[in-house]
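Here is a friendly walk through one protein model, from its helix packing to a few residues picked out along the way. Please keep the structure open beside the text as you read.

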Amino acid sequence: MDMVSPLILVNLKTYQEGMGRNAHRIAAAAETVAQESGVVIGIAPAFTEIHPISHHYAIPVYAQHIDAITPGAHTGHILPEAVRAAGARGTLINHSERRLTLADIDACVQVARRLNLESVVCTNNDSTSAAAAALGPDYVAVEPPELIGSGVSVSKADPGIIERSVNAVRSVNPDVKVLTGAGIQSGECVKIAVDLGTCGVLLASSVVKADDPEAVLRDLVSML
Ligand code: G3P
């Protein structure tokens with residue numbers, strides 16, 4: 001990987017196994033493995049846990065979503081400034097489970113840039129990866145929806161989507177880094193993804209639902 005250190009980004013979604021003290025357990029495991037390995041491991045917890053996790057652990061924290069609003073009367077929305085103030089380093093945008101319109105994605109990328117929040121725009125194939133890259137986020141994360149939470153790894157089941165997305169993003173905007181996700185569960189999955197030109201992975205269930213998240217994280221970084 002040319003000069004960019006890989007990112008392992010663990011999305012806790014709204015899993016029971018990723019709430020409250022479970023979120024702390026996963027964050028502590030991520031901190032330990034990151035310190036041992038030198039690999040950057042980030043966590044995207046529930047909004048309510050951005051502040052405690054970012055203040056208790058030396059790992060980058062990401063929001064799972066933001067709304068492109070400015071402070072004011074927007075009850076029930078996620079204010080990007082609040083996410084930043086709570087300690088987030090960045091945010092997912094357009095996750096497969098929280099899809100947005102193209103105009104909304106653009107607005108979210110712009111507000112993230114203005115607030116110095118890293119933007120990770122999720123996509124479902126190489127065409128949408130190219131479209132997302134045109135908006136100039138920090139990362140595009142391609143995840144085939146049918147493999148999300150399936151236990152079947154994109155790296156093994158569909159390496160072509162990774163390769164095509166890397167090429168599509170590079171041809172549109174070479175400054176945009178690519179992540180991939182869906183079913184990622186081992187060091188081998190991560191290595192395949194990185195060898196195909198990504199800067200890391202976005203994953204959830206293999207870590208969040210594990211009996212021993214630290215052991216899974218150690219395996220995930222083992223071939224980097
Ligand atoms: O955000 C990551 C996610 O959508 C992939 O989920 O459970 O297949 O690793 P999972």
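Helices (H or I, at least four residues) and strands (E, at least two) are DSSP runs, numbered from the N terminus. By that rule, K156 lies in helix α6, which covers residues 154–157. This is a predicted model, in which local features need pLDDT of at least 70, side-chain atom pairs count only at pLDDT 80 or more, and totals for chains, interfaces and linings use all residues. Residues are numbered from 1 along each chain as its sequence is written, and side-chain values use heavy atoms, with hydrogens and water left out.

Let us begin with helix packing. Two packed helices are described by the angle between their axes and the distance between the axes. Here the axes are lines fitted to C-alpha atoms, for helices over the stretch in contact, and angles run from 0 to 180 degrees between N-to-C directions.

| Helix pair | Angle | Axis distance |
|---|---|---|
| α5 (residues 126–133) and α7 (residues 159–172) | about 25° | 8 Å |
| α1 and α10 (residues 213–220) | roughly 35° | within 9 Å |

How do α5 and α7 run relative to each other, given their angle of about 25°? The angle of about 25° makes α5 roughly parallel to α7. On this scale, angles under 35 degrees count as roughly parallel, over 145 as roughly antiparallel, 65 to 115 as roughly perpendicular and the rest as oblique. The α5 and α7 crossing is right-handed; a crossing is right-handed if the near helix is turned clockwise from the far one by less than a right angle, and left-handed if anticlockwise. On the α5 side, D126, S129, A130 and A133 meet R164, S165, A168, V169 and V172 of α7, where contact means heavy atoms within 4.5 Å. Sorted by class, this contact of α5 with α7 has 5 nonpolar, 2 polar and 2 charged residues. In this sorting, Ala, Val, Leu, Ile, Met, Phe, Trp, Tyr, Cys and Pro count as nonpolar, Asp, Glu, Lys and Arg as charged, and the others, Gly among them, as polar.

The other pair in the table also has a right-handed crossing, with α1 passing α10. From α1, the residues R25, I26, A29, A30, T32, V33 and E36 make the contact, together with P213, E214, L217 and R218 of α10. By class, the contact of α1 with α10 has 6 nonpolar, 1 polar and 4 charged residues.

Next comes the interior. A nonpolar core is a set of buried Ala, Val, Leu, Ile, Met, Phe, Trp, Tyr and Cys residues joined through side-chain atoms within 4.5 Å. Buried means under 20% relative accessible area, exposed over 50%, and partly exposed in between (1.4 Å probe, protein chains only). Which residues of the largest nonpolar core touch the most other members? Among its 64 residues, they are I8, V10, I41 and L217. Helix α1 (residues 20–37) gives the most to this core, with 7 residues. Not counting residues up to four places away in sequence, L217 touches V10, I26, A29, A30, V33, I41 and V207. Another core, of 12 residues, lies apart from the largest one and has Y62, L92, V120 and L179 among its members.

Most residues other than glycine have a negative phi, and most peptide bonds are trans. K13, in the loop between β1 (7–11) and α1, has a positive phi near 50°. Is K13 buried or exposed? At 10% relative accessibility, K13 counts as buried. A182 sits in the loop between β7 (177–181) and α8 (187–195), and its phi is positive too, near 110°. A182 is buried, at 4% relative accessibility.

K13 leads on to E97, which is in contact with K13 and I148, leaving aside its neighbours within four places in sequence. E97 belongs to the loop between β4 (90–93) and α4 (102–114) and is partly exposed, at 49% relative accessible area. Its C-alpha atom is separated by 22 Å from that of A82, 15 residues apart along the chain.

Finally, back to K156 and on to S171. K156 is partly exposed, with a relative accessible area of 48%. With neighbours within four places in sequence left aside, K156 is in contact with E188 and I192. S171, in helix α7, counts as exposed at 62% relative accessibility. From S171 to A134 the C-alpha distance is 9.8 Å, although the two are 37 residues apart in sequence.
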